[in-house]
Amino acid sequence: MPAANLLPAGRRIAALGALALAGSLLVAAPAQADGGNGSPSGAPAAATTPKGDGAKGICKRLPKTEDRVTKALNRLNGDATVVGSVARLEQRVANAKSAGHAEIQTYLNDRLTARKAMVTTLQTRQKDLKSVATWCAAQGEGSGK
């Protein structure tokens, strides 16, 4: 009787899995040794440079991008009942302050600073997208609202 038949089925499967793992590691080791990109020196492979500026794709995605920016700004500029708004986070900071939770207030205040900066960033992006839409329309690319 062969020795493999003496092992229970579960152990046999585990042993085969371990053997397969060991074999795959042995095969992968030479690929890792050469830098992982096929070049024997280990130097990174030469990256291809972009052929253009991606204007066609930007114009194609413009309506969706404008919608996302508008939705985000509407949410951020909402009142205290809107989840994710600056006003709601300001209220939470005030609540933490009145409850005497200094650490929570500091944490929320840092989030508030980042959220206010996000409003400025999105407003700038919205202005940029308007000029991109004008450019796309002049070029006959995308919808160019």
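**Ground rules.** I am working with a predicted model, in which local features need pLDDT of at least 70 and side-chain atom pairs count only at pLDDT 80 or more, while totals for chains, interfaces and linings use all residues. Residues are numbered from 1 along each chain as its sequence is written, and side-chain values use heavy atoms, with hydrogens and water left out.

**Overall fold.** I began with the secondary structure and found four helices and zero strands, taking helices (H or I, at least four residues) and strands (E, at least two) as DSSP runs numbered from the N terminus. Read along the sequence, the pattern is α-α-α-α. I then looked up burial, where buried means under 20% relative accessible area, exposed over 50% and partly exposed in between, with a 1.4 Å probe and protein chains only; of the 145 residues, 18% count as buried. For contacts (heavy atoms within 4.5 Å), I noted that 51% of those between residues at least 6 apart in sequence join residues at least 24 apart.

**Helices α2 and α4.** Two packed helices are described by the angle between their axes and the distance between the axes. For α2 (residues 55–76) and α4 (residues 102–139) I read an angle of about 145° and axes 9 Å apart; the axes are lines fitted to C-alpha atoms over the stretch in contact, and angles run from 0 to 180 degrees between N-to-C directions. The crossing of α2 past α4 is left-handed, a term that applies if the near helix is turned anticlockwise from the far one by less than a right angle. The residues that make this contact include I58, L62, V69 and L73 of α2, and M118, V119, L122 and W135 of α4. I also looked at T120, which lies in α4 and is partly exposed at 48% relative accessibility; its C-alpha atom is separated by 9.5 Å from that of L73, 47 residues apart along the chain.

**L89 and L108.** I followed this pair in more detail. L89 is in helix α3 and counts as buried because its relative accessibility is 2%. In sequence L89 and L108 are 19 residues apart, and in space 7.2 Å, C-alpha to C-alpha. Not counting residues up to four places away in sequence, L89 touches L108, R111, L112 and R115. With its own neighbours within four places left aside, L108 is in contact with L89, R92, V93 and A96.

**The salt bridge.** Finally I searched for salt bridges (a side-chain nitrogen of Lys or Arg within 4 Å of a carboxyl oxygen of Asp or Glu), and the count came to one. It joins the side chains of K116 and E90 at 3.5 Å, N to O. The pair links distant parts of the chain, with K116 in helix α4 and E90 in helix α3, 26 residues apart. Both ends are partly exposed, K116 with a relative accessible area of 40% and E90 at 36% relative accessibility.
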